Amino acid sequence: MGVYRKAIITNAGRTMLARAVAGEQIIQFSHVCTSDYIYPDGTDFEGMAVLEGVKQRVLPTDVWVTGDSFISVRAMFGNENILIPYLTQNIGLYAMDGDTEVLFSISGAETPDQVPAYNGVAPSSFVYNIQLAVSQVADIAVSVNPAGTITVQEIQDVRKELGTLRRTVTVLVPALWTETAPYTQEIAVAGLKVGDPAEIWSAVSEETTAADAKMWDKMASMISYSKILEDGKLTLGCLNKKPTVAFQIRLKGVSV
């Protein structure tokens, strides 16, 4: 699996972002390209206008805002038309500036993906989520090329992702521990499945009172381990002391 450096936004891309923040335009991402060209050290990526060595060109399939400072663009590349394998050294993102398509950003590879030639039986696909670090993201309107279509493979990818979606739930931990160490108890958690990467975090939020926050953190610190031995049930264990009152924890990584 390839590893890519964070996307560098070109000067043309920065100009478009400034106009988008001012409400003067919507940024429409038009194409995503892969390239096998190896740029030398010291290349001025911000000043680039053209991506060299383009091997494939596809329409982006989705765009969304991540957190407070990122725009994410997704694209999928298949190898059905690839006769000669190549290394994806760069991923270029293009956007429409009026009637002109400009290079918006470029992501260089630390470890490039190797795209194999199509063997006529089982196609390969590579899905890239390009993250663009921007300021004032809430003021920027973005879209993808409306001509983009979703393929059967993309539907299968989405189904696969839906099968691994996770959520965060707040769990009440009652004071119902076993009498002897290790002190354990089972708690019902809807949707929890064996194999979920469920992690215990503090349930304290800005709405939590100071007294509850202090008590919850103290009680949670006594938990030594957690296990999922059966779907829908979380097993907690305390090797030394056991909590004496009920408290809340936050469980991250529960199946949807």
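Analyst: The count comes to 4 salt bridges, a salt bridge being a side-chain nitrogen of Lys or Arg within 4 Å of a carboxyl oxygen of Asp or Glu. This is a predicted model, in which local features need pLDDT of at least 70 and side-chain atom pairs count only at pLDDT 80 or more, while totals for chains, interfaces and linings use all residues. Residues are numbered from 1 along each chain as its sequence is written, and side-chain values use heavy atoms, with hydrogens and water left out.

One of the salt bridges joins Asp-97 to Arg-19, with the closest N and O atoms 2.5 Å apart. This pair links distant parts of the chain, 78 residues apart: Asp-97 belongs to strand 7 (residues 86-97) and Arg-19 to helix 1 (residues 11-21). Helices (H or I, at least four residues) and strands (E, at least two) are DSSP runs, numbered from the N terminus. Asp-97 is partly exposed at 27% relative accessible area, and Arg-19 is partly exposed at 24%; buried means under 20%, exposed over 50%, and partly exposed in between (1.4 Å probe, protein chains only).

Glu-186, Glu-230 and Lys-233 are linked in a network of salt bridges. Between Glu-186 and Lys-233 the closest N and O atoms are 3.9 Å apart. That pair also links distant parts of the chain, with Glu-186 in strand 12 (residues 183-188) and Lys-233 in strand 15 (residues 233-238), 47 residues apart. Glu-230 meets Lys-233 at 3.7 Å, N to O. Lys-233 is partly exposed, at 31%, and Glu-230 is partly exposed, at 40%.
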